[in-house]
Amino acid sequence: MLEARRLVKRFFGITAVNDVSFAVRRGEVVGYLGPNGSGKSTTARMLTGLLETSSGEVSWDGADISHDPVAFHGRLGYVPEELILYTFLSASEYLELVGRLRQLPPRLLTRKITALLQLFGLLHAANQDIASFSKGMKQKVMIIAALLHDPDVLVLDEPDAGLDVTATLVLRHLITALARRGKAVLYSSHVLELVEKTCDRVIVIHRGKVVADDTVGALRDLRNSGSFEDVFAQLVLRDDPARTAADIADVVVDRA
Amino acid sequence: MRDRLLVRVFLWRFLEHDLVSPDADRRGVLSAVGGALAALSLFVAILVAAPYQFSNDLPPGLTALRALDDRFLFTASSMLVLAVAAVIQWDALVLDPRDAAVLGPLPLTRGVIVRAKFTATALYAVAVLVMWNLFSTMLRFVAIPIGLHIGLAGSFKLTLAHALITGAAGLFGFLAVLGSREGLFAILGTVGFRKISAVVQAALIVGLTTSLLLLPGVSGVGEWWRAQEAVAATALPPSWFVGLHETLAGAVIDGLPRLRPARYLVRPEHEATDLYRSLWPLYHRLALIAIFAGGVVAIGTVAACVWNSRRLPSAASRPVPSDTAVRRGCRWIAMHLLARTSLQQAGFFFTLQTLSRRVSHRVAIAWASALGLALVVVAASGSQSAAGSGPIPVAVLAVQPLLVGSVMHGFRRATRLPSELGASPTFSLAWSGGGADFISGVKRAGWMVVVAPALLGLATWHTAILGPRVAALHFGVGLTMSAVLMEMTFMRCRAVPFVSANVPAVDVKLRVGGFLVALVSLSSVLACIERWSFGAVARYLSLVAFLMVLGLATAVFDRVYRSSPLRLEGEDEFLPTQRLNLAQ
């Protein structure tokens, strides 16, 4: 079980994440939602150990991950919000680098890279520089890199960004399939429909604080709303989106 | 207003260089580089001018002849410095696909963007030109013995001529590089140019920097021109501009009245005057070549730039390498013989990929190679005549450790530069420990692509001058010595090569000076021992065995030392600013 206990992160005195606690069990997919700048990615980076917490603790199977981050990373698959790719390498070279650093057996590594590139529709571009890839193609490489070593826990920070419709559908089913195989999955996304269909439980964060943590159905009942989108709007939106959009359009057409 | 803004953007782009940290204060970098360039040029100008102030009785003939050496130094250095400045900015000299992607969608015509880019490039060239030549021009009138009365008009004429020829030579060097780049691009196209661009850039850096480092050793230009019957003069571009200078202002000193000098100077003055005046036809010829060559390079460069600017550039990815039998064979050898564990392979292949595809890494190694080559030329030129008979000159043997030490230093410097800063978390996430294996892969790749070519190149030369037997023995020592050096190079390395975000600050004065002294001393000592060992088989075997044991001991010590984990991020490096966290 991946557990976050009272996580706090401050940047130059500004609190980005404030007292966030939750747990993701094996076989469970937990959605992590919130508007831009709410602290989702900061939480994800603290969960992976890439960002130090100001206070609080992250544990995996009861052990604090900061005690042995290398061992934890061996069981973690992480798709970050920002693409961390060596763009002068080709997709297969990058995946080989990741697999070798993870000390995967060479034959298994080659087999997995070929199969995953094929399944994600990237085999034709396997030897091209990543620099020449579209955003969606880069995102697929990131997803493959996160899955190569059969991780026990997955932290997916907007993995659907830039993906086409087919790839997004595959990703949705992939997340469910991996959870069925016992992986603990934390899934952060702005596509509410995907989250609603994929996640067992949803955590909503707003301005660094958890404002809801329950199943989609329970949240819907609690807020007495017909759709999950309405629930999300009630929890985090302070302004009327239609009014804001009209104001933006007014500014855009202003020529005086 | 819009044009000026664009030019300013392009000028700042010259500081967005792989060699400049993204977090660095750009104005600080600009001040430091400009200051260093100006300070070095002032130092050279004073060094050249000072002897004249202590030679008040130097007559006109000797002064004019000696001044040829100075003019050669200033024109050649101006040409080479500007050429190096152009090579360093190789891809930033013209519009790149990123410029096109950013500026293309804006309501700007192609002509406006292209004009702004070339204005920025011209301003960059002029800035470097001024920084390098300003002090030597201002101090031109000081580089004349006080005893010679050339008058205000003469001083002015000499200063103007100096400014003109150093400026023209510098622009010639800059345009030659820009023209070569654009010419190759026009001929080969985007994909073809990309294939060879890196190699051409690295070769130019090595060639130009080596020439620059060897420049202070040039003297006796007049005698050299006469001895070579003008062939050498017409073959070297700096000579053309020296000829132009003499044509424009040579008469200022040569035309001074010949008073009777001190007795010991009578004959040398007579000979110097004869020599200087015998070269007048050559000066005129060289001046014509300078004007013609300058015109050709300028027109050719402009034509190539205009031709390539017909449309904004588009991105071209690296051509996909074909999976040939040779490639598969090399890969098999690498994976089964050179780097057998996964981490060794990670280090090995990542090193090869970084060195072959990242400009900053290539530049680091190219500069070190240039330094090594300069040392080799200096050492070899002094000993070549003695190599034919008698004992082997120490300098001939010292060439090997000099070159290997230099390229090894460049390799170490390259490993300390991050391959791509933004992607470094890849290592944090995928790192599974075993830093020693990873570094072992890095060392093996470095040895293969940096050290082995240097050793093999020297072995060919040594075979020619020392014979196959001694060359083979020397090569054997070189092999073991390079293995020891490689182990020592990484002995105290705790940061993961090519990953650490902390680009080490180099105290150039201290480190380069100390490195050169240590390198030259140790190379000479090793060469002496080596020469002694060639006298008997037992001695030679003892030397090789000693080096092998030393290498092994270093490796074992390093393994023990490396029991502490490698540092992926620079957690205990000093930050440029210290946060007090008072608000927390």
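**View 1. A:D61 in the loop between β4 (55-60) and β5 (63-64) of chain A****.** In this predicted model, A:D61 is not a glycine, yet has a positive phi of about 50°. The residue is partly exposed, because its relative accessibility is 41%.

**View 2. A:E158 in the loop between β7 (153-157) and α6 (165-180) of chain A****.** A:E158 is a residue other than glycine with a positive phi, near 50°. A:E158 counts as buried because its relative accessibility is 13%, under the 20% limit.

**View 3. The contact between chain A and chain B, formed by 29 residues from chain A and 37 residues from chain B****.** About 3,000 Å² is buried between the two chains, and carbon and sulfur atoms give 60% of this area. On the chain A side, A:F88, A:R100 and A:L101 supply 27% of the area that chain A buries against chain B, more than any other three residues.

View 4. One of the salt bridges joins the side chains of A:E96 and B:R331, with an N to O distance of 3.0 Å. The side of chain A that touches chain B draws at least two residues from each of α2 (69-75), β6 (76-79) and α3 (91-101) of chain A. The most comes from α3(A), which gives 7 residues. By residue class, this side of chain A holds 15 nonpolar, 8 polar and 6 charged residues.

**View 5. B:Q353 in helix α13 (residues 342-357) of chain B****.** With sequence neighbours within four places left aside, B:Q353 is in contact with A:F88, A:L89 and A:E93. B:Q353 is classed as buried because its relative accessible area is 11%, which is under 20%. A:F88, one of these contacts of B:Q353, is also among the three residues that supply 27% of the area chain A buries against chain B.

**View 6. The largest nonpolar core, of 140 residues****.** The residues with the most contacts inside this core are A:Y86, A:Y94, A:Y187 and B:F427. Helix α15 (residues 394-415) of chain B gives the most to the core, with 11 residues. Another core, of 86 residues, lies apart from it and includes B:F72, B:L80, B:A272 and B:C305.

Notes: Residues numbered from 1 in each chain as written. Chains lettered and ligands numbered in written order. Predicted model: local features only at pLDDT ≥ 70, side-chain atom pairs only at ≥ 80, totals over all residues. Heavy atoms only, no water. Contact = heavy atoms within 4.5 Å. Buried area = accessible area lost by both parts, 1.4 Å probe. Salt bridge = Lys/Arg side-chain N within 4 Å of Asp/Glu carboxyl O. Helix = DSSP H or I, 4+ residues; strand = E, 2+ residues; numbered from the N terminus. Nonpolar A, V, L, I, M, F, W, Y, C, P; charged D, E, K, R; others polar. Buried < 20%, exposed > 50% of the residue type's maximum accessible area, 1.4 Å probe, protein only. Core = buried A, V, L, I, M, F, W, Y, C linked by side-chain atoms within 4.5 Å.
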